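Trainee: I would like to learn how to read a model such as this one, feature by feature.
Mentor: Then let us look at it together and take one topic at a time.

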Amino acid sequence: MTNGWIDIKNADMMLVMGGNPAENHPCGFKWVIEAKRQRNAKLIVVDPRLTRTAATSDLFLQIRAGTDIAFLGGLINYTIQNNRIAKDYLLNYTSAPILVKEGFKLPEDGFYSGFDPASQTYDRNTWNYAEGGDMSGKAVAATAPAGDPPQQKSSTAAPKAPFPPPLMPEKVAYDLTLQHPRCVFQLLKQQYSRYTPEMVERITGIPKDQFLKAADLFTSVRKDGDMKKVATVIYAVGWTQHSFGTQIIRTAAMLQLLLGNVGRAGGGVNALRGHSNIQGATDMAGVFDSLPGYLKVPDPTDKDFKAYIERITPKTVKPAGWDSFNYYSNTPKFAVSFLKAMYGPAATKENDWAFHYLPKVDRNYSWAQIWDNMYRGSVKGMFAFGMNGVAIGPDSQKNIEALKKADWLVVGEIYPDETSEFWKSPGIKPEEMKTINTTVYRLPCAGFAEKDGSMTNSARWLQWKNVAVPTPGEARLDQDIVAQIFLRVRELYKKEGGKFPDPILNCWWPYTTPNNPSLSDLAKEINGKALADLTDPKTAQVIKAGQQLPGFAWLKDDGTTLSGNWLYCGSWTEAGAMTQRRGTDDPSGLGMYLNWAWSWPANRRGMYNRASCDLQGKPWDPSRRQIWWDEAKQLWVGNDVPDFKADSPPKDHMGPFIMNQEGLGRLFVWLNDGPFPEHYEPIESPVQNLLHPNQSNSPVVKKLKTPADKYGTTAEGFNIICTTYRLTEHYHYWTKNNPMNVQLIPEPFVEIPVELAQELGIQGNDKVKVTSARSYYIAKAFVTKRIKPMTIDGKKIYQIGIPIHQGYRGIQEDAGRDARTILNRLTPTVVDPNAFTPEFKGFLVKLEKA
Amino acid sequence: MPQTLEIKAISGHAGTVPGHGASRDYDVCKLIDVTTCIGCKACEVACLEWNGYSFTETVFDNSYQTMPETAWNYWNLIRFNEHENSDGSISLLMRKDQCMHCADPGCLRACPADGAIVQYANGIVDFHQENCIGCQYCVTGCPFDIPKFNPSTKKVFKCTLCSDRVSNGLEPACIKACPTGCLHFGSKDDMKELAEQRAAQLREQTSHKDAGVYDPAGVGGTHVIYVLHDIKNPEMYGGLPANPRVPFLVKLWKGPVKLLGGWAMFLGVVGVAIHYLRFGPKDAGHTTGPEDKNERTKS
């Protein structure tokens with residue numbers, strides 16, 4: 001979240017899309033209700049189904065699954081056409097005035113400039129800012145850039161190494177009149193001029209009058225140029241789980257920048273994270289392509305630490321006369337401190353901070369790839385802790401087939417789950433079971449109430465929790481198991497040597513109880529400490545060697561500091577665990593609670609809060625004062641921790657988005673699939689893309705190619721759109737083991753529109769069979785009026801929805817009161833090209849009575 | 001009588017006593033703002049856990065609703081209704097169903113067992129199962145179809161408004177569990193005011209021009225009140241009666257008939273007394289008439 005849960009209460013307008021917080025985040029949803037009750041805030045919900053969130057909304061629109069960009073693009077177009085933009089904000093805080101390089105082309109035909117069909121990637125050279133200076137008023141002719149046609153000519157070329165991302169010019173060209181045809185604003189305007197209300201209706205199925213009602217309501221916060229009101233956008237995995245998920249979120253971010261809603265109390269773009277600590281998992285590099293604190297992973301081209309640091313440290317870029325903090329220029333400090341935490345005394349200046357110990361990531365190792373590699377036989381074993389890989393999918397049957405080929409599987413769980421029992425999944429006969437040679441080790445782990453540690457919530461708060469009950473039986477803590485495996489592997493390396501034992505032998509393991517490290521030891525190491533006496537030249541404050549660091553401003557690139565994650569520096573200081581604080585004072589009344597737990601970065605609760613003020617440093621809305629410029633003190637002060645260079649006066653015109661090298665909110669970026677989001681159809685879609693029928697899907701999305709990877713089409717009879725979701729009564733695949741939850745929703749079901757049920761002669765509670773190109777799923781019919789048939793470009797289309805929760809292990813499953821199929825047997829293995837999230841929302845199926 | 005620990009005076013305390021002037025009636029009330037209920041069922045689980053009921057097997061029935069009706073061991077149920085509005089749009093209505101704790105409780109009126117149903121001064125209507133004779137007259141007496149019979153123990157059960165918690169100064173378990181603040185608990189006056197404020201807000205600020213407070217007069221008002229989007233149409237929330245009343249037969253039986261019965265008994269006694277005074281005691285030994293002999297022979 002750019003903001004936080006409690007901050008939602010400060011909103012005047014709320015758009016919930018790609019999420020269902022009333023059902024999946026009921027405790028956080030109280031702040032939506034609070035905004036409605038206390039501020040008369042309006043709630044707009046856009047979803048394929050009328051959910052329990054929609055039930056409390058002021059306006060609900062039923063959208064075709066996977067057409068979110070068309071809807072949001074329509075909102076952007078409406079905002080510009082009806083002059084609901086936040087002019088000063090847009091001009092000064094975003095990249096709107098910056099000029100884009102010549103040769104850049106918009107995707108009227110489905111392709112941006114630079115597409116290479118052979119590798120299915122883009123050469124992003126033209127997706128960049130243009131060099132130059134002030135071009136204000138110097139636009140020669142207000143014509144659209146011609147650009148090149150898609151580079152079909154290179155289709156015969158051999159696949160090459162991935163194109164490097166473009167480097168920004170230091171002196172960018174800009175036009176403060178926003179009139180230059182190549183300025184970001186004009187390009188954006190042109191891009192979304194195609195997303196007319198009529199086009200939105202044809203693509204999304206939302207009738208034009210309803211769309212206009214929602215567009216007018218949402219953008220009404222900027223009616224007549226008023227800057228006081230604020231709108232928020234709230235989303236979850238309903239946006240991320242598409243083959244263009246990252247781009248949906250970008251569209252929302254662009255809309256919010258156009259409306260001046262980012263950085264402000266009650267605004268922002270707010271991701272609701274699914275698990276209690278999933279934010280912590282991403283912060284601590286739970287993904288293959290980042291190190292803790294979102295440092296980029298080294299790749300094979302980084303021949304040494306210097307090359308690596310040069311590649312990952314952004315250089316300051318800005319329009320002349322503007323200032324840019326470019327906080328990531330501190331990257332070397334974060335990286336060296338991280339290497340000191342990893343390898344301790346073995347990381348020295350002389351040996352490049354042991355950079356050569358770090359694995360170099362040569363290709364994609366994301367979730368779907370791991371399973372694909374196991375299916376192909378190159379991954380031989382797997383540790384599965386705290387997740388149920390078979391049930392998670394996508395394409396659970398492929399994952400089961402993959403596990404059959406593995407040598408070993410270690411599962412750490414509190415229940416026997418689908419993954420640890422893949423070898424007796426439904427359909428496997430006893431004779432086949434005998435042929436499965438995978439050795440499965442099932443380790444009893446600790447449940448959440450049996451371990452301490454901090455959890456990082458969606459609002460970026462690190463909150464420490466205590467142990468509530470001891471672990472039962474032989475169950476052990478995760479770190480106990482992992483530490484013992486590590487120590488024994490290290491012993492083996494010591495005894496037997498190996499190809500490259502140094503990283504293992506020199507891994508810094510300074511914990512009080514090495515075979516079962518306490519999480520407080522780890523949390524302190526993650527925060528970081530001084531390895532030599534440090535003095536702040538400004539304040540003369542001294543941190544003695546061995547002391548905990550008070551914040552990341554103290555980190556050094558000379559090996560005198562250690563920090564496992566620079567973003568978490570400040571969470572466990574000499575004053576103790578900030579994560580354990582429970583102060584409830586909130587002087588501003590904005591719900592900041594600065595003394596409750598600790599929030600990254602630097603305990604600030606709302607990110608980019610410089611943007612909550614006008615150019616002079618005064619809050620846009622005096623009733624919601626986050627920070628402001630104090631002329632007397634010559635400092636930024638306020639109710640929150642300023643997310644800005646504290647002593648940079650407004651006249652210096654420093655950009656508020658200090659983590660971007662140009663300091664501006666980006667309306668134009670170089671993702672892998674396009675600098676502006678464009679509507680593409682899901683990989684399995686019942687219709688052609690109306691914007692460019694010859695390029696329906698995103699051209700950079702690749703289908704996987706094993707025999708298990710099948711993709712359905714309407715020609716084969718797969719013509720119903722299916723989406724998947726979670727219920728408030730259950731938590732993933734866990735609570736089917738808990739009697740209380742099972743009682744509330746005892747059986748799997750499929751939500752089917754009344755009209756479709758009538759067509760197929762299906763009654764409520766009938767058993768139905770849903771079939772995709774991959775497999776089938778059996779459950780009871782939930783015939784409902786809450787999903788209506790849709791008209792997509794004149795064609796009648798049905799959508800159905802299936803909750804994810806059941807499988808073949810649980811109270812009902814074990815008692816034989818359930819069909820024992822896993823929902824994710826239906827879902828396709830196809831992923832977003834930026835975040836590698838699978839497309840669980842919106843694929844094609846057939847439906848019949850079972 | 002609830003022990004509310006209302007503060008009367010505080011030593012060494014400057015200014016007014018906290019809460020001074022606020023309504024501190026002993027009438028308790030639960031307010032359910034249906035317009036902010038998200039159907040999460042936290043109240044259902046809290047009710048089960050507090051009252052010590054465990055898992056019962058349920059069956060999916062074309063709804064998110066846990067079971068069709070409340071049960072003797074399931075007192076709190078969110079009712080889900082897909083309501084079709086006049087413009088063709090659909091509303092998903094979620095209403096927490098439980099005992100309404102009527103000021104004029106039909107169950108109590110109907111109950112013939114001494115001490116089986118008790119109405120406290122704070123408005124809570126409580127069943128004391130040790131005195132219940134299992135006749136189920138209370139079931140007939142309730143206009144909301146709340147009391148439920150346990151066939152194995154032959155006793156009737158329902159929501160107690162957590163009389164055990166409330167008498168110790170705590171809110172009912174459902175209130176504590178509610179994540180959105182759709183449930184409130186306090187004095188009837190305070191809850192009524194809060195409910196009317198919310199209904200007025202809905203009428204003025206949203207499209208719910210018929211929003212209102214459900215506190216039906218037919219049962220003397222209730223100690224559980226609702227804010228509804230549409231007060232004119234409470235039936236759409238899954239069987240919430242527009243004008244609930246204690247059933248006529250119960251009223252007749254426990255009113256005029258009971259009175260008549262009382263009078264009949266009294267008159268009977270009076271008649272017997274007059275008969276006694278007029279004819280004196282019956283002398284069994286004295287009657288040696290032929291009919292008596294016949295009677296004896298017959299038997």
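**Reading the model step by step**

Trainee: What percentage of the 299 residues in chain B is buried?
Mentor: A residue is called buried if 20 or more other C-beta atoms lie within 10 Å of its own, exposed if 12 or fewer do, and partly exposed in between, with C-beta atoms placed from the backbone. In chain B, 38% of the 299 residues are buried. Please keep in mind that this is a predicted model, in which local features need pLDDT of at least 70 and side-chain atom pairs count only at pLDDT 80 or more, while totals for chains, interfaces and linings use all residues. Residues are numbered from 1 along each chain as its sequence is written, and chains are lettered from A and ligands numbered from 1 in the order in which they are written.

Trainee: How many helices and strands are there in chain B, and which domains does the assignment give?
Mentor: Helices (H or I, at least four residues) and strands (E, at least two) are DSSP runs numbered from the N terminus, and chain B has eight helices and ten strands. Domain bounds come from an automatic or database domain assignment, which for chain B gives domain 1 (28–246) and domain 2 (250–298). Taken over C-alpha atoms, the centres of domain 1 of chain B and domain 2 of chain B are separated by 48 Å.

Trainee: How many residues of chain A are in contact with chain B?
Mentor: Two residues are in contact if their C-beta atoms, placed from the backbone, lie within 7 Å. By that criterion, 29 residues of chain A are in contact with 26 residues of chain B. Helix 2 (30–39), helix 3 (52–55), helix 21 (739–744) and strand 27 (776–784) of chain A each supply at least two residues of the side of chain A that touches chain B.

Trainee: What confidence does the predictor give chain A?
Mentor: The pLDDT is the predictor's confidence in each residue, from 0 to 100; its mean for chain A is 95, and 97% of the residues of chain A reach 70 or more. Over residues 141–160 of chain A, however, the pLDDT is below 50, although this stretch has 32 contacts in the model beyond near neighbours in sequence.

Trainee: Is strand 30 of chain A mostly covered or mostly open?
Mentor: Strand 30 (residues 799–803) of chain A is mostly covered, with five of its five residues buried. A:Q799, A:G801 and A:P803 are buried on one side, and A:I800 and A:I802 on the other. Strands pair if DSSP finds at least two bridges between them; strand 24 (residues 720–725) of chain A pairs with strand 30 of chain A in the parallel sense over five bridges, and A:T723 stands opposite A:G801.

Trainee: Why does A:Y327 count as partly exposed?
Mentor: A:Y327 counts as partly exposed because it has 19 C-beta neighbours inside 10 Å. A:Y327 lies in the loop between helix 12 (305–312) and helix 13 (331–343) of chain A and, leaving aside residues up to four places away in sequence, touches A:I658 and A:M659. The C-alpha atoms of A:Y327 and A:F657 are separated by 9.4 Å, although these residues are 330 residues apart along the chain.
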